[in-house]
Each structure stands twice: as C-alpha cells, then as structure tokens.
Amino acid sequence: MTATARRRLLESFAVHAMLLVGVAFALYPVAWVAALAFSGTPAPEPAVVPWPDQPTLRHLEEVVGATAKVAGESGDHEVWLFGRQLANSLVVSLATAIVGVLIAIPTAYALARFEFVGKRRGLAVLLATQMFPAVASAIPLYLILDALALLNTRTGLVLCYASTAVPFAIFQLRAAFEAIPVDLEEAAMVDGATRLGAFVRVVLPVARPAIAVTALFAFMSAYNEFILAATLLDDASMFTLPVMLQRFVGEYDAKWEAFAAGALVVSLPVMALFYVAQRHLVAGLASGGVKG
Amino acid sequence: MLLGVWIALLVLLAPRLGLAAERIRLWHSWRGEEEAVAQALVERFAAAHPELQVELLAVPYDAFSAKLGSAIPFGEGPDVYIDSHERLGEYRRRQLVAPVGDAWDETAYVDVARAAVSLDGEPHALPLSLKSLALYVDDALVARDPEHFEDIVALAPSLPPGVVALAYEAQNAYAHAALLHAFGGRLLDEREQYAFFGEPAQDSLLFVRELLDRGVVPRDADGALVTNLFRAGKAAFAMSGPWLAAELTAEGARRYHVIPLPSLARTGAPLQPLLTVEAVMLSPQGATKPGARALAAMLASSDAARARMDRARAVSARRDIVADDAIVRAFAEQAAKAIPMSSSPQMRAAWEPANKAIRKVLRGDAEPVAALAEAQRRFELIMRPPPPRSSTWLPVALLGGFALWGAWWLVVRVRRPESRQAVRRSLPAWAWVAHAVIAVGVLVVLPLVVGAATSLFGGPPGDVHYVGAYNFVEIVTARGGPLLASGSFWLTLLVTLAWTAINVLLHVGIGVALGLMLARPVLRMRALYRVLLIIPWAVPNYVTALAWKGMFHRQFGAVTGLLQAISAWTDTPIEPISWFSRFSTAFAANVITNAWLGFPFMMVVTVAALGAVPKDVLEAAEVDGASRWQRFRHVTLPMIGPSLVPAVTLGAIWTFNMFNVVFLVSGGEPDGTTDILVSEAYRWAFTRDAQYGYAAAYAVLIFVLLFGLTRGLDRLRARTVARMGG
C-alpha cells in the first residue's frame, strides 16, 4: 500500500467517523420521539438508549385510525379523518411549493438579469418582510382573507403560505440564476431563441437543483405550519396534520405518546419526499451544465 | 320609492332565508370521552331539530382563545363554545361573549358555579362541570388515608427507594395555591386585588422548598411527569385533577382511590385547591339565535350532565346530579370546598409573576420576601394604568405631508424625460415581477404594515386608542426601572444578539463541514447520510423542541442518563444538572436544540452551492499543490460564498426570531432571562393582559434592529469581497 493510498483510506475513515457522529446527533432526539410513540406506559427513569417501554401500536392506531362523522346529502357518514387530513396537508403543501416557486422563478430571474426601476427598493422590501415577527400580523391577515372571501378555504391557506415562501425562494433562486453564465442564454438568443425561450430551454434546466431545493423548502414550511392553519380553518375535515397533532395537548395534560406517534407519522412523508427530491437534485448536479 | 326597493329586496331574499337551515356552530377543545359524549349529545340534538344544521368543531386548546378572538369580532366563528369560567372577564371585555338570556335556569346549578359564571350579577355562561385538584392515593403503597398533610411527609422515609411521597406540580402557582390557602394566603383577595405576599405566602414557599430539599416531592414536575410517576407506582400520593383518572383506566393500571385534600396540621386549615367551572358560552351573534340558546341549554341539561358523568367522570355543576362513582364523588366533595378562580384580568395577570417567584424560591435563588416583592412589581407593571390618549393631529399631519411629498416627487419624476425613459426600459422587466409584487404586497406586506401600525395604539381591549410613541418610550426606557434588569428590553436584546451570533456560527460551521464531506467525489452511502442528516429539518420543529426539553429534564431526561452513563464508565461522580435553573445552562440547552434544528439547512445550501463549483477548478488547485485549507479558503469558499451569503443573512434573521425553541425548551427560565425579543413580544400579546400595541412595538423594534443589522452585514460583506478580490 502506498503512502497516498494509506492516507486516502485514513481520510475516508475519518470522514465516515465524523459523518456518523453527525448522524447520531441528528437522530438521537428523533429516536426518542419514536420510542415514546411505541411506548405503552413509560416509567419515568433516565435512560440512554431510546427504546420503547412495553412496546405497543396502540397510539399509532389511535392517530391513524381517527374517523369522524360528516353530514352529507344522504345522511351522516363516517369518514377517515386522518386520511383526509393527510391529503389536506399534502395537497396544501404541494400547491404551496408549486405556486410559490412559479411566482418566484420569473421574479428571481428578472432580479438576476435585468436592471429596472424599483429593483433595489423591491429587494429591500422583500428582505424586510423576513424581519418582521409574525406576532402582530395575524389579525390583519385574517381581515384581508375575509375581504377576499378566502377564509376557511385551502386556497386561502395556500396563498398565504406561498406568499410567505416567495421572498426566500426569490433570494435563493436569484443567487442560483446569477451563478449561471450569461453566455448560455446569449448563445441561445443568437441562435434565434427569444428571451423567454432561452430562459425556459436553457436557464431553467441548469437551475433545476436550486429549484428543487427551493420547492422542497416551501413544501416543508407549509407542511409544518400550524398557527395559521389552526386560525384560518374552521372545519375538522379541512385541518392539516399539524393542527391534528396540536389537539393532543390539552389544558391540563397532554397525551405525549399519541403526540409522538402523530409526529412520527407526520414526518414520514417529508422524509420520503426529501429522499426522492434528493435523487432529482443529485441528477441535476450530475448533469452539470455549468462549466465556466 | 325607497320602500319599493326594500320590499323587492325582501322578496328576493325571503325564499333563501326560508329554505336555508339555520347554521349553529359549536366549538370545544374536549378530547377523549368528553369529546365522544359531546358528539353523541349534538347528534341527538340535531335529530330533534331538523330545522337546524349543527356543526361541531374540536379546536386545539392552544389555539382556542386566539381563534375566538380573531373570528368572533368579524361575525365568523362559533355561536356556542365551551371554555373555563375564568376567561369570562377577558371575553366580555373583548366582546366575545354575551349574556345567556333565556337559556339560564336560576335554580339548576350549585351556588359556587352560579357565582363563577356571573359577571356583575348577570349570568354569562351555563355551568357544565367543576374541575379541581384532589388527592390520589396509591393503595399498594399507602395503608391509611392521611389525616393531615404532614402524614404524607412522614410517610416519605418508609417508602421504597425511587418512590416519592407526593407527586404534584410544585412549581406551578395553580397547584401551589392549594397549600397557600392552607397557610391562610391568597393569590387575589376578596376585592380581587393581588395578594400573593406577606407571611402566609412566605411560609408556604419555605414549606414547599423544604419538601423538595428532602425529596418528598419531585423537582421540576410537570403534568405528564406527575401522571407517569403515579401510574408507574413511583409516587405514594399525587395531587392532580380528574384528567389523571382518565389516564389510569388503561390495562394494568394501579389500584388507587381519590380523597379530598387533607388539612395542614400546622395551621389547622384544609388545603383548598382552585376551582375551574367549565361552562358553555354564547358569542354575541350566537346569543341572538334561539337555536344556539337551545343547544347551550341542552348541553347544560341534566341528561347531558348525567352522560358526561357516566362516561367522562365529569363532576356536574347541577344540583340534581348526584355522583354514584367513588372517584367522581371524591372530586365533587373536593369541589364543594374549593376556591373558585377569579375571572378578573388581575387573575390572568397574576400567573406569570407568581410562577416566576415560586420557581425562584424553590430553586434556592432567592428568599421568599425578595421573590414575592419582585413578583408584586411585575404584576403592577402588567396591570399599570393604560397609556394616556394622544392627540392624533401629528400622525394625521405627518401622513398628509408624506402623501403630498410623495405626489410631488412622482410628478417631478414623471416630468423628467430620463426617468420616463428608465420606466419605459423597465417595462419588460416589470412584466416578470408584477405577479410577485401583487401576491407579496397583499398577503405579506399589507398585514405587516397594519400590524406595525398597531404599535401606536394602546389600552385595554374595548378601549383601544391612539397613544403615539408611548409604547416605544416605555420599552426603551425600561419603564424607568434599571436598564439591565431581567425582562428589560436591553437585557433581552443582549441575550438575543448572543443567541443569534452563536447559533449562526454553529449552523454555518456544522452545515458547511458536513456539506463539504457529503460533496466528496468518492463517498460510500452518500445518499443514506444525506437523508439521515436532513431529518432534524424534516421533523416539525415544535415536536423536536419538546423532545429536547424532555431530554434535558433533571431527573428523567436522556441527557441525565448519558451523564450517568459517563459517570459510571469513567468512575467520576457527575451531578445531574438542573438545566433550566441557571442562565448559562438554560441558554446552552436552547442553543444545542437550535443548532440541531438549523444545521441541515446550511448543509443543503452548501451541497447545492458546491454542485455549481466547476470540478476542474478544484482539480487544478489540487494539481498546483494547494493544501486542503488553502483550497477551501481560496477556491471553494469564494465560489460557494455568493450562495451562502443570502442563506446566512436569512438564517440570522430567522434565528433572531426563533420563537418555538426558546418558548418550548427553556420557556424563558430561569426568571425570564433566556427569553429573546420575539418571545417577550409574544408574552405581552398573549399572557400579559393582551397588550397587542405593546407587543407590536416590540415587533417594530425587532424589525428596526434587524434592518440595521443586515445593513451592517451587507457593508461588511462588500468590504470583504473587495479585499478578497484585490
């Protein structure tokens, strides 16, 4: 074994060791949530290894099996409440990601490529929106949605989430577009493409990884939000999953085991989504259109 | 003519009015059996009233009053809702509740419940059930019911190791009130004035501190811990409410019974818990609907009370319902001796100061006299008289002047040919951004501007008026108190700045390090690592913040378990740490949690940015013989820098306003010192007498600070870039 090979091996070993430490740090609290979700009756003892006490699936069944009676045209019928809420969460978050990114892409591109009146002020305002804590703006938002007749609708929720996600998405995408050499589009435009055509056919494919990350972020922030969702929605069959989770915490007590079980179920789709989006991201990276 | 129009309108509307079933909305935050009973009752009611369409909504408890407050004033929200009587005073001030009118039955309810739901002699709710603490006795550990509270204490030495004598939330003013009352003290006196001071209060605190020091009562117990200790047979007694009984019905539960709280031999007075009357309330729009009043009356009827008692063990507030179950009887007996909570604003304002004082004394950080005096000052600060009305001519004049100036500026610009040209050149670009401007303008900027304007208003709900810069002056001058006292703006600002700086450093440090490792050309299991490392970001942060809080519990947390394991392994004694009793450790706990939450974002940004770095540049650098650090410093960092900078700026802003972690992990402990500006703002809005204007002023100050901070960061970056480029 040569010295370089040995050094490489040692280095790779060190990298894996560090990554494993990072993974342990990342997983430990989540493992505790999982352990609690499957625990029958936890005995209060300090423990090191997150392992369920008297394992049971009771809490998981309670969360996933939630049903509700809904008044329909042909009398009351039982609906699978959890399924509906899962669908709500997925639809709302997906719509947020799509709407948010669609709003942000042209704007970010314009900010990256054009000079125009109001650009600097617009950017400053955009950044400023991120600085104002939401504590004070919930009630005005409620008023505006009331005026737009969007209260208690998923559309209203999606619009709110998407607009909140847009400033971040614009910043993220603008940086990505700026990193793409102008020559790429100019070459396409010399070949006879319009600005829009060059943008869609040349710039967007190259920016795909950044778009994926941005969409993922918008999806996650919508998927995990519960204050607005709890305030704007007045119908249990429209609730998103975090609102359902919040229901396990009461005035005097909380059903932490059920809460943990719910948290686990709520987190799974996001993890799955990241896994998928990540492949897309890797593919986008590998295609490597950017070569200076 | 006008009459004709009216008649036409009525004719047009009449058929629709006649056909549509009247919609009655009922909101509650019940769970489990209580919710099931409510559903069954409402179904029966709806069947008997086909002309009504009853909608039942279970709202998360945390969101309940905020949701009422945002919906009812706009004519939305419920007609009927269920809440605790102590909120009635606040709800009336905010016009969220109306007198119950003909739904009231003068003779039906026990006296204490009748008094609790009456405001100025007029009933504002129909009492449903009575809730208070009582004493749970574990039959396997206790042979004889205690005659006095001291008997519980005396039992402690004879209990097996690891078993505490009494589990209750000693740090909580709600639970402490029972002991305080036995010492002859009160939280509020008969005239509803703050009264948590004097000898009885001091004695009660010293008494409990001794119980904790002797291990009779567990430290840092919250509701869940009390439940778990008693359920696992690790507490001989528990002082808890009916909700504990609901948890003990599961299989393999211990044999136990419930008795009213005993008396204190030292004073001869009984321990009297606080009493909550759960009641059905009518919103102003609901009170006008006969159907809503009928629904409320049905929920408060004997049949309904009987159903709740049989299935959910609720102690009825009615005279005609007698308990047959032993546990319900014990709670009913206790309720008769309990002290109803006041529904005045003073009561709501008293909790936070009282809790802080109790915690401070029990930690041993202060003697009762000093802690109680501080609590009284805090209370008076919250209840200080509303700010004086300010004349509105100045803002009106300013606004007018500003509008004029804006119009003039616009005219001048339009008349200049070069700016007209600039606008014409901008038109194509504007087409790319217009939709974003509208969306963000209406749904983000507009609410923020309105919210910011709130900061110029003050006064109690119902009497909100323009106060000018009064809120800002009060905050910035710390209301004349010492500028760096706990809870003052300046101290909170220092904590917030330290919090932001440390967190951002950790996020970027850990994130970039992991991102660089993940982006290595050859790495086995890369996808797996990436998915696992992203998990802190994928799990909702309020869940993991709570998980971390549990891990930091002094007695039962995983961190304590780890420390014990290390201690056993290295054979050196390590004391368990009370994480939330000192600023340094509480702050560290918050930082660890937030570092954990935030690094994946920076990691993903780094990975994405590295993807855009041309490989040949890095390879060329390697061939040139550049060291690893040199490569990172002079090639990689400058290349990923532009993508990292916006992420760092945004990360700093988000950390500055990271409410969930601070609120859920340390909760500001100890003594509000770990609170950051945004959690302080939240407390003013939601736990301190709904001072929205004051909270909004905090929000505006946060905005101003962040604006300055980011401008500073921007300058710094520009200078660094210039230096690096040169």
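Here's a quick briefing on the folds, contacts and surface features of this structure. Keep in mind that this is a predicted model. Chain B has 726 residues, and 52% of them count as buried. Its secondary structure comes to 29 helices and 15 strands, and its C-alpha atoms fill a box of roughly 95 × 85 × 55 Å along the principal axes.

**Salt bridges**

- Across all chains, a search of the whole structure turns up 43 salt bridges.
- One of these pairs Glu11(A) with Arg520(B), where the closest N and O atoms sit 2.9 Å apart. That pair crosses between chains: Glu11(A) belongs to helix H1 (residues 3–37) of chain A, while Arg520(B) lies in the loop between helix H20 (489–518) and helix H21 (526–538) of chain B. Glu11(A) is partly exposed, because its relative accessibility of 21% is not under the 20% cut-off for buried.
- Within chain B, Asp83(B) bridges to Arg87(B), with 3.7 Å between the closest N and O atoms. Asp83(B) is buried at 5% relative accessibility, and Arg87(B) is buried too, at 13%.
- Arg363(B) and Asp365(B) make another salt bridge, with their closest N and O atoms 3.0 Å apart. Here Arg363(B) is partly exposed at 22% relative accessible area, and Asp365(B) is partly exposed at 46%.
- There's also a network: salt bridges that share partners link Lys255(A), Glu257(A), Arg231(B) and Glu247(B).
- As background, side chains of opposite charge can pair when their charged atoms come close.

**Nonpolar surface patch on chain B**

- Phe402(B), Trp405(B), Trp408(B), Trp409(B), Leu410(B), Val412(B) and Val414(B) make up a nonpolar patch on the surface, and together they have about 780 Å² of accessible area.
- Trp409(B), one of the patch members, is located in helix H17 (residues 393–415) of chain B. Trp409(B) has a relative accessible area of 34%, so it counts as partly exposed.

**Helix packing in chain A**

- Helix H6 (residues 154–179) and helix H9 (residues 208–224) of chain A have axes that come within 10 Å and cross at roughly 160°. That angle is over 145 degrees, so H6(A) and H9(A) are roughly antiparallel.
- The crossing of H6(A) past H9(A) is right-handed.

- For context, most residues other than glycine have a negative phi, and most peptide bonds are trans.
- Asn152(A) has a positive phi, near 55°. You'll find Asn152(A) in the loop between helix H5 (138–147) and H6 of chain A, partly exposed at 22% relative accessible area.
- Glu192(B) has a positive phi as well, near 60°. Glu192(B) sits in the loop between helix H7 (173–182) and helix H8 (198–213) of chain B, and at 31% relative accessibility it is partly exposed.
- The peptide bond between Glu669(B) and Pro670(B) is cis, with omega about -15°. Pro670(B) is part of the loop between helix H27 (659–666) and helix H28 (677–686) of chain B.

**A buried loop residue in chain B**

- Val163(B) lies in the loop between helix H6 (149–155) and strand E8 (164–167) of chain B. Its relative accessibility is 16%, so Val163(B) counts as buried.
- Val163(B) and Pro218(B) are 55 residues apart along the chain, and their C-alpha atoms are separated by 9.6 Å.

Notes: Residues numbered from 1 in each chain as written. Chains lettered and ligands numbered in written order. Predicted model: local features only at pLDDT ≥ 70, side-chain atom pairs only at ≥ 80, totals over all residues. Heavy atoms only, no water. Patch = residues over 30% accessible without salt bridge, like charges linked within 9 Å, V, L, I, M, F, W, Y side chains within 5 Å. Areas by Shrake-Rupley, 256 points an atom, 1.4 Å probe, with all protein chains shown as cover. Salt bridge = Lys/Arg side-chain N within 4 Å of Asp/Glu carboxyl O. Helix = DSSP H or I, 4+ residues; strand = E, 2+ residues; numbered from the N terminus. Buried < 20%, exposed > 50% of the residue type's maximum accessible area, 1.4 Å probe, protein only. Axes fitted to C-alpha atoms, helices over the stretch in contact; angles between N-to-C directions. Parallel < 35°, antiparallel > 145°, perpendicular 65-115°, else oblique. Left-handed = near helix turned anticlockwise from the far one by under 90°.
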